[in-house]
Amino acid sequence: MTTLERIEKLFVDKLELNRDLLTPQSTLESFGIDSLDKIEFLFALEDEFKIKIPERDVKIDTVQDVVDMVDRLVAEQSAAG
Amino acid sequence: MRRVVVTGLGVISPSGNGPAELFDNLMAGKSGVCRISGSYAEKLSIKIAAEVHFKLSDYVSRKTTALDRTSQMALAAAAQAWADSGIALDDAGKVRAGVYLGTGMGGAQSLDEVTTQLYKEDKSRVSPLSIVKIMSNAPAAHISIGYGLMGPCLTYTTACSSSSVAIGEAFRQIKYGLCDVAVAGGTESIVNYVSMKCWESLGVVALEDPVDASTSCKPFSKNRTGFVLGEGAAVVVLEDLETARKRGAKIYCELSGYGSTADAYHITGPTIDGQERAMKLALDEAGINADSVDYINAHGTATAANDVVETKAIKKVFGDRAYRIPVSSTKSMHGHLIGAAGAVEFVISVLAIRNKAVPPTTNLSIPDPECDLDYVPNAGRTGLDIRSVMSNSFAFGGTNAVLIVREF
């Protein structure tokens, strides 16, 4: 699975979102995600990709932002490891 | 002193979701008890429970991410009760509206899950939402947030009487003018491995009936072995009578009496005296005498101790008339919902008045000589003149709570 596909699956499994609503351009705001949902989702991302997201207030507006952030952190942290 | 009326009912229970389905199933003697569906059941000695089947999204549009099962069931029951009451509050009304819920073990389901992750799956961390799911006041808080209710938002935990206490305390706050509207009830989710194992170990849980698991709970019967653990939630809307009248509310009945006592005796053993005093206090507050009670929804747990002590306490309060009052334990069908038990049975008591009918005590075929009242064995009764009903809840810890509703 691509990063996007894995992230879409997390949105569906963890936040009960309808997969049809998910596109790279969709904004998280449009999903009605509140601050607690976001915390839970970041936690799930860390588990799924074995990464550490350094800041909980990380700016992610769209699904593509999430993909970019994950790809960057995977690259950084696997290199560091 | 203000009068308090019941204007909305909501239930998620092993015997049905929604008041009508619940009462119909009880009148038909249908049991909600069955073999546990979870895979952990193989590790239990006693593999039966009374489980609920519901989807939160059928009642309210919100994600379950941060919600323990207790909160989900409470929100589903509250949504029913709120819609049933037809109430709409402006900002001034919301400030005068409170939430009063009972729960015995709070977010036990989520605690079970994170415990499994840490000890069994050896995970090094758990969800950051664990605390907000586990904390006992979460269900009440979610109702307060969901409906914008800004008066008191309180959670009572007195084991098996938690939600009767919650309804009784809500009643008092309305009666004495501290708020005008209350969303009150209880919720419990204990059908999981840790909780079931702990209850099983205490020796108060019914053994599975070898022929038919659904008949395992046998209140007041000579061959009773205890209760069947259940899960669920029940929520009611209570209002000051004048507030309800002003908006032209449908009124189910009046909540007129509440008795609250402690046995001050033993952490699990009940006393006749504590129960008797609670019943008498409730009658006194309701302003009625023993002759006026037409039905008693018993605590009726089917433990050796409860059923004899409760029978004796009822006789002390009602004298000879005790033998002429229908007394039933609906726990024989919906199981023991612990912190939600009193609220479910309160709803049943309201519906007994509404439907002029009394649900049975099922699985009662071998009478216990020490339990000699009219327990409405095995078949419900209709066409009765039910005007006042007493609902009993007695708890581990010795906290007794008795509620009285009467026809309005």
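**Close-up views of a predicted two-chain model**

View 1. The model is predicted: local features need pLDDT of at least 70, side-chain atom pairs count only at pLDDT 80 or more, and totals for chains, interfaces and linings use all residues. Residues are numbered from 1 along each chain as its sequence is written, while chains are lettered from A and ligands numbered from 1 in the order in which they are written. B:C179 lies in the loop between helix 7 and strand 7 (181–188) of chain B; helices (H or I, at least four residues) and strands (E, at least two) are DSSP runs, numbered from the N terminus. Is B:C179 buried or exposed? B:C179 counts as buried because it has 23 C-beta neighbours inside 10 Å. The term buried requires 20 or more other C-beta atoms within 10 Å of the residue's own, exposed means 12 or fewer, and partly exposed lies in between, with C-beta atoms placed from the backbone. B:C179 and B:Y100, 79 residues apart in sequence, are 12 Å apart from C-alpha to C-alpha.

**View 2. The surroundings of B:V52.** The loop between strand 4 (48–50) and helix 2 (69–85) of chain B holds B:V52. B:V52 is buried, since 26 other C-beta atoms lie within 10 Å. Beyond its neighbours within four places in sequence, B:V52 is in contact with B:I12, B:S13, B:P14, B:M73, B:E231 and B:G232. The C-alpha atom of B:V52 is separated by 20 Å from that of B:I134, 82 residues apart along the chain.

**View 3. The packing of helix 7 and helix 13 of chain B.** Helix 7 (residues 162–175) and helix 13 (residues 341–355) of chain B pack at an angle of about 65 degrees, with their axes 5 Å apart. Axes are lines fitted to C-alpha atoms, for helices over the stretch in contact, and angles run from 0 to 180 degrees between N-to-C directions. Helix 7 of chain B contributes B:S162, B:S163, B:S164 and B:I167 to the contact, and helix 13 of chain B contributes B:A341, B:G342, B:A343 and B:F346.

**View 4. The nonpolar cores.** The largest nonpolar core has 121 residues, of which B:A77, B:V235, B:V236, B:L238 and B:V347 touch the most other members. A nonpolar core is a set of buried Ala, Val, Leu, Ile, Met, Phe, Trp, Tyr and Cys residues joined through C-beta atoms within 7 Å. Helix 13 of chain B gives the most to this core, with 10 residues. Leaving out residues up to four places away in sequence, B:V347 touches B:L9, B:V11, B:P19, B:A234 and B:V236. Another core, of 8 residues, lies apart from the largest one and includes A:I7, A:L17, A:V63 and A:V70.

View 5. Chain B has 13 helices and 15 strands. Buried residues account for 59% of its 408 residues. Along its principal axes, the C-alpha trace of chain B spans about 65 × 55 × 40 Å. How many residues of chain B are in contact with chain A? There are 7 residues of chain B in contact with 8 residues of chain A.

How values were computed
Two residues are in contact if their C-beta atoms, placed from the backbone, lie within 7 Å.
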